Each structure stands twice: as C-alpha cells, then as structure tokens.
Amino acid sequence: MSRSSSLVDWDLAGRTARRLVGAGPETSREEAAAVVAELHRAAATAVAHVEALTGLRPVPGGPEPTVAVVDRPGWIDSNTTGMAALLDPLADGLQAASGSTPGPLATAIGSRATGVQAGGVLAFLCTRVLGQYEVFGSGGRLLLVAPNIVETERRLGVDPTDFRLWVCLHEVTHQLQFTAVPWLRGHLEAQIASFAEATDLTPDVLRERLTDVLRSLTDVVRGPGADDDAPQGLMALIRDPEQRAVLDRVTAVMSLLEGHAEYVMDGVGPDVVPSVRTLRKRFAQRRKGRGPIDRVLRRLLGLEQKMQQYADGRVFVAGVVELVGMDGFNQVWAGPENLPYKDELTEPARWVKRVLETRPAFPA
C-alpha cells in the first residue's frame, strides 16, 4: 500500500534510494555471517555495561528490546517508515489548520517530486549511519548497519571487535533511554504536534519549501560548490517564534540523548574496550572538517550552531555527573520539566540549581 502524502511519496523515496545506494565493502558470505553474529553478541554484551554505568533499567513490563543487524536497503526501509510517521502527521495537521485540501493531481505530482529528492538523501545517508534506535514508525528496534560498520573500521584501521562493541555501547544507550524512560517518546511526538500547530504554512507552501530543502541537500551531497548559496534547511520553514521555541526544545532533548550516549561509550573505559582511547582519537579525526555528512546535517538544520549543540550535550552530561554524580544526573529523566533548556547545555551548574532544588526525584 502506498504511503503517499501531501508532502512525500515515501514508497517512491524508498525505491529511489535503493536504486542509488552504493555497494558496501567486499566480504565473503562467511565473513558477513561472522560480522552479523558478532554484532548481535556485542549488542547483548553492551547492555550490562550501559546499565551498570548509567544506573538505568528498562521499565518492567515494557516492550522487549530487539536488535536487528541490517544492510543498507534494510536501513532505507526502516527510515522511510520512520520519516513518514514523523512528517505525515505534520502535513495532516497543516492541512486541517489551513482548511485547504490539494487536489489528487497536485498531491501526486508534489509528493512524487519530494519523494525522488528524499530518496537521493536517504541513499547518501544510508552509507554513513552505523546504527540507530528507531523512535518513530514501528519503533523499539535497535538497528546496526553491518556494511557501514565494517567499512568504517577498515578505513580507521582499528580493532574490529573493539569498534563493534564501542558502536553498540552508543546505540544500546539510546535503546535504554527510551525503555527506561517511557514518557520520552510521547514527549518528542508531542513536540512535533506542537510544531505543526504553531505554523501558519499551508501544505502546498510547505511542500514547495521542503522540495527546495531536499534539492539543496542533494546538491550538498554532490559537492561543496552550492553549500553557501543553498536554502537554509529546515530553518527556512520556521518563521513563527513559537515554532522556534519548539525547535529549541527538541534540539535540547536530542543534544541530551546524543551527549549521554557519547559519555557512556567512552565512560566504560579500557577494561571493557581496550582500545577505547584510540577509537575516540581516530573517530574524532574523522569528524573534523566539513565532510559530506557534516554539510548535510548543517544544511538540514540550517544553522551551524545547531550542530554544536550535539557536542554541547556531552559537555552537559559530563558536567552534571562531575557536580552531582550519576544519581543526580538521572533526575533529568524524572519528567519533561527536568529536561535541560538549550542555554543550560553549556552551563550544567544552572540545570543543577534549577532542577535538583525544585524537582521530584527520579525513582531508582
């Protein structure tokens, strides 16, 4: 069944991405099977280490965490579903708010145009992503993209066993965040709904701007020449102060989640991952400069400082833990009111003063 909406034809996006995606690293069938098996073992091993370091545990009776080791087409299928779940309600909300209903022909043409553009972006991204926890769409699965992990460990020249566990520590942390804090997913979904309610755009205008954004992303992927002249990503869609406030809240939450995972993957130490310091050094070198993935993310978010806030998340987590310990930091999960504000990410002491003096404790 088609998942075409007034914004994006996600079925077409998926087919386009599958046609464009590059081949993964060369491996024999036996090697590929061994990688899949080791990634499953690494993900299982990571659970105990992440729980021990964070002090978090999945809520009893919650959904059973699952791990899927996928190839690039498998990642594409998952993310077309997830992006549809994220953006289609936005389109529906805008349509309801504006009272305008595009005709079937206009919807089909518009959604196919953005579908092709989205497919090009997905084809690029699916060669870079190492893993992710599915929040939207089907939700609940931890995805590990085997060909990308193998390609990256070869390029960095690092120990494969250490690198695979290191990646799993990061992704299992995301899994634990959502299984230990059940309100978190609903909070993010509510913020997306608030974003839609705050906008004064019609679906047609949003689709036109989204097409420009996706075209600019494709140009950025192909080369840096258009980088300075392309539209300002998703920020081009945001004109209302209330929308910007929602974006700031979402960015702060994502900074927290990413910073928490970064803190954990390094915090386990060499007793768990013997070459962790080498991994971090070489991975940090890989992130330096304006590589393709950085340009895509900068263009998608529209402002350079938005990317900085992801690095700020690690500063926040490390700062709070240093001030009040892991138990004190875990009060961040007590409820939405305890989440950090954007300006607290780089000043963790402000969060400690605001939250730990006034908010209820998160149950152990």
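1. Helix H2 (residues 29-54) packs on H9 at an angle of about 110°, and the two axes are 10 Å apart. That makes H2 roughly perpendicular to H9. On the angle classes: under 35 degrees is roughly parallel, over 145 roughly antiparallel, 65 to 115 roughly perpendicular, and the rest oblique. Axes are lines fitted to C-alpha atoms, for helices over the stretch in contact, with angles from 0 to 180 degrees between N-to-C directions. Val50, Leu53 and Thr54 of H2 meet His260, Val264 and Gly267 of H9. Contact here means heavy atoms within 4.5 Å.

2. A word on the basis. This is a predicted model, in which local features need pLDDT of at least 70, side-chain atom pairs count only at pLDDT 80 or more, and totals for chains, interfaces and linings use all residues. Residues are numbered from 1 along each chain as its sequence is written, and side-chain values use heavy atoms, leaving out hydrogens and water.

3. The chain has 13 helices and 3 strands. These are DSSP runs numbered from the N terminus: helices are H or I of at least four residues, strands E of at least two. Of the 364 residues in the chain, 51% are buried. Buried means under 20% relative accessible area, exposed over 50%, and partly exposed in between (1.4 Å probe, protein chains only). Among contacts between residues at least 6 apart in sequence, 80% join residues at least 24 apart.

4. H9 (residues 241-267) also packs with H6. Their axes come within 8 Å and cross at roughly 135°. That makes H6 oblique to H9. On the H6 side, the contact uses Trp166, Leu169, His170, Thr173, His174, Gln177 and Phe178. The H9 side includes Leu257, His260, Val264 and Met265.

5. The largest nonpolar core has 55 residues. Such a core is a set of buried Ala, Val, Leu, Ile, Met, Phe, Trp, Tyr and Cys residues joined through side-chain atoms within 4.5 Å. Those with the most contacts inside it are Leu144, Phe163, Leu169, Leu256, Phe316, Phe329 and Trp333. Helix H6 (residues 160-180) gives the largest share of this core, 10 residues. Another core, of 21 residues, lies apart from it, with Val21, Ala68, Val121 and Ala123 among them.

6. Leucine 256 deserves a look. Leaving aside neighbours within four places in sequence, leucine 256 is in contact with Phe316, Val317, Phe329, Val332, Trp333, Leu339 and Pro340.

7. Where is glutamate 344 found? Glutamate 344 lies in the loop between helix H12 (304-329) and helix H13 (348-356). Glutamate 344 is buried, at a relative accessible area of 3%. Its side chain makes a polar contact with the side chain of arginine 354 (2.7 Å). A polar contact is a pair of N or O atoms within 3.5 Å; within protein, one must be able to donate a hydrogen and the other to accept it, and residues adjacent in sequence count only if both atoms are side-chain atoms. Not counting residues up to four places away in sequence, glutamate 344 touches Phe316, Leu339, Arg350, Trp351 and Arg354.

8. Helix H5 (residues 146-156) has 8 of its 11 residues buried, so H5 is largely enclosed by the rest of the structure. Among the buried residues are Asn148, Thr152 and Glu153. Glycine 157 follows H5, with a positive phi near 65°.

9. Threonine 114 sits in helix H4 (residues 104-125). Threonine 114 counts as buried, at 0% relative accessibility. Threonine 114 and valine 8 are 106 residues apart in sequence, yet 5.2 Å apart in space, C-alpha to C-alpha.
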